[in-house]
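Look at the model below and follow how its side chains pack together.

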Amino acid sequence: MRPRRRHRRNTLRRYDEKLINLQDKPQWYLDIVPTTLVPAIEWHDENWDADTPGSGALVWESKDILEAMDAKFAETPLRSADEEVAEVVEVLNASVGFVYGARNGTADDKGARFAAALDALDGVLASSGGPFVRGGELSAADLALAPTLERFGEQLKVLKPEFPALDAGRPAITRWSEAMDLEPAYTRRVKGDAYSWTAVTSSFLRIFANASDAETQAKIAKADKAAAALLAESRADATALDDKAACAEAVAALSKNRKNVARDAADSSPKTQPHVKRAKTAQAAEEAIDAALVVLDGGKARVSGEAKVAAAAIAARLCAPRDMGAPAAAALRHTLLVLAEKKPRGSRLLKALQIFFFWL
């Protein structure tokens, strides 16, 4: 059964996004959200004032946000108030210890539990009539499941390559993934990409595993190497620029957040991805950002040496969907990596000789 296509909350395209630095949350956010956690939403209701954070009705906690959205847009419910699907919860519970755990006596048990959870999920998807968890329509249960399957689908390739693909021998999970990819709101804005999930693997290992032991250190190095290989693929794939809507989204997102991007690209004491070389100054990052905006808009640009370092740093730090949708991230990442390239001295000499002989 193929999913029924329907109008899905296009009114939600009219929203203002404010990114919150989790290491240094702004005081205005701390003042209006009692938990101080993310995410939170503020409705643009009759009391809302753009200059006064918290003037509109506020909702925090992910489940409460989903339920509030269901109430607001009752014509396309996500059924967020329904009881949780146990098999979806078990996939998440069984995954973390297995994926990030050490190779010890319990590893086989954890792997068996995770495989069993995937088998049970496949059964639920099959019995629902599919392709989604609750049948023919997307629901909050699918939204909870998506990032888990995305993340571990990519990270297991690096950390436990011997473990079969998550949908191997599980046709209902395959059908679910295909149906999710037919949802533009998911694929173009919510879905992560292979680089982003691989690049954050080392950060997850530092959180969920013993970062000081040799086995974890080897996994961290392997994950960072795999991420670097994916960056090289991004540099080689110029087709990302063919998606003009993605280029436009990248321009809008980068323009809006350029101050934070520049600061991060020149951070001398980074808390994440410490192996990524940063620029010496935020000015160099600003130069790289300006050049990327020109290229994404169809122009041509070059940058100085230190701006090349900044461009490479921004490309490595760019995360989908945190910063922008995956197609937009692909376009920007490719653009930045091209700007970051250092031409070999031989090519410069050849160019000089060409100019010299032209004038002879």
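**Rings and cores**

In this predicted model, the charged end of K160 sits over the ring of F98, 5.1 Å from the ring's centre.

The structure holds 10 aromatic pairs. One of them is formed by Y100 and F208, which are stacked, with 5.4 Å from centre to centre and 10° between the planes. This pair links distant parts of the chain, since Y100 is in helix α3 and F208 is in helix α9, 108 residues apart.

Helix α9 covers residues 201–208, and its buried residues are T201, S202, S203, F204 and L205. What covers them includes α3, α5, α8 and α10.

Now turn to the nonpolar cores. The largest has 43 residues, and those with the most contacts inside it are Y195, L254, I289, M324, L332 and L336. Elements giving two or more residues to this core include α8, α10, α13 and α15. Of these, α15 gives the most, with nine residues. Leaving aside residues up to four places away in sequence, Y195 touches A227, L230, L231, Q273, A315, A316, L318 and R333. A second, separate core has 38 residues, among them A115, A141, Y186 and F204.

Notes. Residues numbered from 1 in each chain as written. Predicted model: local features only at pLDDT ≥ 70, side-chain atom pairs only at ≥ 80, totals over all residues. Heavy atoms only, no water. Core = buried A, V, L, I, M, F, W, Y, C linked by side-chain atoms within 4.5 Å. Buried < 20%, exposed > 50% of the residue type's maximum accessible area, 1.4 Å probe, protein only. Helix = DSSP H or I, 4+ residues; strand = E, 2+ residues; numbered from the N terminus. Contact = heavy atoms within 4.5 Å. Phe/Tyr/Trp six-rings, centres within 6.5 Å; stacked < 30°, edge-to-face > 60°. Lys NZ or Arg CZ within 6 Å of the ring centre and 35° of its normal.
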